[in-house]
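The tour below goes from one selection to the next and says what is found at each stop.

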Amino acid sequence: MIGAMEIMMMKYLPILALLALPACLGGSGESTVEGVPDMSAEFGGLLNGVRMGSGEGQVFYQPVLTTAAQTHADDLLANNTLSIFLSGTTTDMGDTLNSLGYSWQDIGQMIAQGDFTTQSVLNEWAANGSQGDGGDADELTFSDYLDFGIAKAGSGSDARWVLILTNPS
């Protein structure tokens with residue numbers, strides 16, 4: 001049986017996550033989020049709601065991670081595949097981040113294909129993990145992750161989604 005406190009938490013947790021969104025997106029805590037794509041802003045609030053609901057800390061939007069995610073999503077779409085590697089290579093996300101000058105300790109990558117919204121792709125990852133690489137749904141709430149970037153290429157059932165979570169060094 002759900003008590004009054006649990007009902008209040010379920011009702012107000014999404015609101016608290018949205019109020020915390022400017023701080024989650026990297027930076028100053030200002031009320032505007034300039035230069036952050038709408039999808040990243042929306043997804044950041046949703047992802048941090050999941051993380052706070054599981055007792056984990058927030059992750060912060062990093063544009064360089066979205067750049068890497070977009071490169072990977074575009075590659076997945078162009079080559080009609082789902083893989084943690086860039087098509088036809090052994091180049092993985094660590095290699096991509098290194099080439100962009102981003103220092104990292106841990107990387108989590110979630111990929112999906114399909115006609116999702118930001119909410120439904122997060123729900124898919126939270127329930128089932130990542131498609132194409134046997135990923136674990138626990139990646140979303142791994143406590144060491146501090147940064148995120150997300151991208152989408154294509155549309156409809158052919159769309160490719162890539163989420164990158166990292167612990168920077």
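A residue is called buried if its relative accessible area is under 20%, exposed if the value is over 50%, and partly exposed in between, using a 1.4 Å probe and protein chains only. This is a predicted model, in which local features need pLDDT of at least 70 and side-chain atom pairs count only at pLDDT 80 or more, while totals for chains, interfaces and linings use all residues. Residues are numbered from 1 along each chain as its sequence is written, and side-chain values use heavy atoms, with hydrogens and water left out.

**Stop 1: the whole chain**

Show the chain as a cartoon. There are six helices and four strands. Helices (H or I, at least four residues) and strands (E, at least two) are DSSP runs, numbered from the N terminus. Followed along the sequence, they give the pattern α-α-α-β-α-α-β-α-β-β. Of the 169 residues, 38% count as buried.

**Stop 2: serine 40**

Select serine 40, which is in helix 3. Is this residue buried or exposed? Serine 40 has a relative accessible area of 1%, so it is buried.

**Stop 3**

Two strands pair if DSSP finds at least two bridges between them. In general, strands of a sheet pair through backbone hydrogen bonds, either parallel or antiparallel.

Next, select strand 4 by itself. Eight of its nine residues are buried. How many bridges join strand 2 to strand 4? There are nine, and the two strands run antiparallel. In this pair, methionine 110 has leucine 163 of strand 4 as its bridge partner. Strand 3 and strand 4 also run antiparallel, joined by seven bridges. Here glycine 149 stands opposite isoleucine 164. Strand 3 and strand 4 form a hairpin with six residues between them, and glycine 154 in the turn has a positive phi of about 85°.

**Stop 3: the helices on the sheet**

Select helix 4, residues 63-78. Its 16 residues reach 22 Å from the first C-alpha to the last, close to the 22 Å expected at 1.5 Å a residue. The expected span is 1.5 Å times one less than the number of residues. Among the buried residues of helix 4 are Leu65, Ala68, His72 and Asp75. Contact means heavy atoms within 4.5 Å.

**Stop 4: the cores**

Show side chains. A nonpolar core is a set of buried Ala, Val, Leu, Ile, Met, Phe, Trp, Tyr and Cys residues joined through side-chain atoms within 4.5 Å. The largest one has 18 residues, and Phe43, Trp125, Phe148 and Leu163 have the most contacts inside it. Helix 3 (38-53), strand 2 (104-113), helix 6 (118-128), strand 3 (147-153) and strand 4 (160-168) each supply at least two of its residues. A second, separate core has 13 residues, including Ala68, Leu97, Tyr102 and Ile111.

**Stop 5: two loops**

Select asparagine 80, in the loop between helix 4 and helix 5 (93-99). Asparagine 80 has a positive phi of about 50° although it is not a glycine. Most residues other than glycine have a negative phi. With a relative accessible area of 59%, asparagine 80 is exposed.

Last, select aspartate 115, in the loop between strand 2 and helix 6. Aspartate 115 is exposed, with a relative accessible area of 64%. Leaving out residues up to four places away in sequence, aspartate 115 touches Gly156 and Ser157.
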